[in-house]
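Visitor: I would like to go through this model step by step. Please show it to me, and I will ask as we go.

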Amino acid sequence: MHGGSPHTNGAHAAAGYGIGARESHDQEGRARLFEVTAQLLERLAVDRTLVVVIEDLHWADRSTRELLGYLFRSLQSSRLVLLASYRADDIHRRHPLRPFIAEQDRLRTVRRIELPRLSREEVRRQLTGIRGSEPDRRLADEIFERSEGNPFFVEELATSDYASCGLSDSLRDLLLVRVEALPEPAQRIVRTAARNTTVEYALLAAVTGADDDELIEALRVAVGANVLVPTDEGDGYRFRHALLREAILDDLLPGERSRLSRRYAEALEADPSLVRAEERAARLAGYWYRAHEPAKALPAVLAAAGEARRRHAYAEKLKLLERAMELWDEVPAEQREQLPELGYPESYPSCGCEPERPGCHPHFLDLLAEAVVAARWDESLERALTLAKKALKLVDERQDPVRAAWFWMQRSKLMTGMGRGDGWAEIARAQELVRGLPPSAVHADVLALAATWHSMHVSDTDTLPLAERAVELAGLVGAEEVRLSGRVTLAWLRAGAGEEERGIAEMYAVREEVDRRPFPRVLGRVHGNLVDLLHKAGRSAEAVEAARQGIAVLHRHGLHNAAAFTAGNLAEALLALGEWDEAAAVLDEYRGRVHSSRSLASIALHDAGLALDRGAYDRVPGLIAACRSHLGRNDMEPQYELPLAEAEIRRAAAAGRFGEARAALDCALNLLPLLGQEPYVWQLLVAGAAMAADSRGLPGTDEAADRELVERLRLAARGVAHRSPLWAAWSRRFDAELARARGRHAPVLWEEAVRAFEPYGYPYVSACLGFRWAEALLGATGPHEGPGRQMREERREEARRTAAGLLARAHATALRLGARPLREDVAVLARRARLTLPDAGPEAPAEAAVPAPREACDPATELGLTPRERDVLRLVTAGHSNRAIAGELFISPKTVSVHVSNILAKLGVSGRGEAAAFAHRMRMFAEPDPEHAR
């Protein structure tokens, strides 16, 4: 390498370039310039990689392009990256950069990278960075649609006055420059085409009236200037960018816009074949609406709304219905009489808005009913609630009680879905309105909704007969959608009453029927509830398969929120089956895609359960708070309240806050009994009994209060049914935990629990039970067992071999799942019992875990605690303050504080209570080694 710095040599080269430039501008001088530039870059890249960035290459002149081409060809062995960017939108067909790029593409050292436009998620992240906070979903979606993922346009739209939905003057001027450079005939064609996102050639020819030669020539110019591009189908044209079309439309005069729309509408009415059949209704509705011809627009808009309903395009349908409501009063009443009947949603009554006029006549309330349901399925719940409230103000409850009851039902569903109440007041009002009236679809729907509400809140012996009456009445009046929805509730209730197989068979039958007749609300309910029933019956693998099929069906029908709710049930089944990573991926996928309070609460709840099992305790309080926030005033539904209480109990116990855990358990026990909620009740009782066992013997605990809690749990369990085999398995686990809370080693009870869960294939539950069974076996091998020493030794060795196998399998499962608390518990127990855990493979067989005696290890020593830190931890576990510990150990409170901080760091806990719970769980001070409990 030559002496001197690269910068100095480069400066000399640059000086040489300056002299040569002044002396000659001939070909030799230009060649010298290129050579000197290459030498400069080579020398700068001698001992490091040099990156040279050239932006906006589309503005470069010929000399710049030739220099760049020379550098591409000559600098092939240097540590140099030449990065040149250009905007593809600005490279029209005759642009001089096109042949230059084609020439460079032939070089092996040149690579062309086409950057795609930003995705919807990338636009959302860009908006977050620009605005400093998470953007509203609808705002982000609209900016994505308008910008088409162009980062520059995203920024311009984000920083403009977006409330006005317009373009900033600077952006509009920038977009229109390219159009204004076109010849006048081409400008005229472009302005005409701007009425559409995509326009067919035949339709454009019909509207413009231009002959083929004139039209093709104008289009050729527009395409060459990158204003228009041919469609992929080859039968039309679209704008290069949506905002360019928007700017052209904004530039049209008001009268010019409506006149242009009218010409399109007339051309399409004269020859419907100009547009594809699936687009015809929506396009015609849009043309007449923008032509400001209400009498023509209203029937066209309603026809397009019906077409959108058939395509499950609920957002589009809602937009069209809102236009229809806007046009309603502008159309004379006699013309509205000629409108065809609307497609009445769900159980909505088709006639009766005007009792003084017999027969069916379209009414404004009919539009509101359609719009409420469309908004609900589009997940625009706030808009749906606003429309439902408006309808309830317009409807006369005395003259039209059935229709009023229907709107009260809608309001109930929306209040529940938005977490603003439990919805019962609205159901009760609907019941009052239909009481004593002739049978109707609405009456049956009210009964079915009341039965569903009771099944989820306060199910009693009257709930099942109520659901049966709803199904019977719906069949009597021919309300098929209501009948199927009622059968879903009935199947769920029967399964909850212990008739699992009958309930599941009924749910499958309903699913088969709605596959043939896909009623939206029944689709959502049957797929979600089928997955739930299968999982609660212990058929979790079958539940996973049903969930995946259901999610695909629901997305295909545009029922994205119902798909998200079903995905929550899918995650629950996957967690039970030990597919934790897949469950986490499902939760992550749907977390940002739903807006229903129940779906969001379900996702947060399953997230909290997974965090507890994996020991991510710091995440749990936030997830519990998020779940309660999503539910709002709807938080007393047992299917959420009981699992939330279980999560709170487990989190508080893990942190050593047993008083807080007992308070959460006490509140939950006050809700019992709860018929039909047995799966949630048994899991709550197991969590409560485990907490009582873990807190037993801790310093500062009240033995009388402990006994009282255990007795209360026993009495609560007596009132809970266990007709289902899976419920019976949970009851056996509860019995074993209750024995542990009483201080008894009960290996027989733990073995029964293990055997009861074996058929279900739940690896984590089996590992936890196996750990407890091993603990009980090791703790029960005392001198009082067996008639003689020899038999005691044989039993002891047999128990140790069994425990070793159980611990090996539990340890392997904990490692595979990432269940840190279980892994730590297994390791501590194995260390205390002087058992060697094998290297854990996917399946660690019992034979591989035959105990290998070794010297007992002190957990405190293995954790790196010094003798003084061990003394401090013992007193912290006993509940002493820093000052009390200082007096006990004859050190200063400040020194105690330092020791406590070191202890927390070594134990990996966040507070004194959690450290005390950890020490108790690790059996550091309280109990003797089970191996020496003889």
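Guide: Angles under 35 degrees count as roughly parallel, over 145 as roughly antiparallel, 65 to 115 as roughly perpendicular, and the rest as oblique. The model is predicted: local features need pLDDT of at least 70, side-chain atom pairs count only at pLDDT 80 or more, and totals for chains, interfaces and linings use all residues. Residues are numbered from 1 along each chain as its sequence is written, and side-chain values use heavy atoms, with hydrogens and water left out.

Visitor: How are α9 and α11 oriented to each other?

Guide: Helices here are DSSP runs of H or I with at least four residues, strands are runs of E with at least two, and both are numbered from the N terminus. Helix α9 (residues 184-193) and helix α11 (residues 212-224) pack at an angle of about 90 degrees, with their axes 8 Å apart. The two helices α9 and α11 are therefore roughly perpendicular.

Visitor: Which residues of α9 make the contact?

Guide: Contact means heavy atoms within 4.5 Å. On the α11 side it involves Glu214, Leu215, Ala218, Leu219, Val221 and Ala222. On the α9 side the residues are Pro185, Ala186, Arg188, Ile189 and Val190.

Visitor: Is helix α34 enclosed or open?

Guide: Buried means under 20% relative accessible area, exposed over 50%, and partly exposed in between, with a 1.4 Å probe and protein chains only. In α34, 16 of the 18 residues are buried. The helix α34 is therefore largely enclosed by the rest of the structure.

Visitor: What joins leucine 672 and proline 673?

Guide: Proline 673 sits in the loop between α33 (658-669) and α34. Most peptide bonds are trans. Between leucine 672 and proline 673, omega is about 0 degrees, and the link is a cis peptide bond.

Visitor: What is the order of the strands in the open sheet?

Guide: Two strands pair if DSSP finds at least two bridges between them. β3 (198-200) and β4 (228-230) each have a single partner strand, so they stand at the edges. The pairing is antiparallel, and the order is β3-β5-β4.

Visitor: Is histidine 312 buried or partly exposed?

Guide: Histidine 312 lies in the loop between α15 (294-310) and α16 (314-328). Its phi is near 60 degrees, a positive value in a residue other than glycine. At 23% relative accessibility, histidine 312 counts as partly exposed.

Definitions and conventions: Axes are lines fitted to C-alpha atoms, for helices over the stretch in contact, and angles run from 0 to 180 degrees between N-to-C directions.
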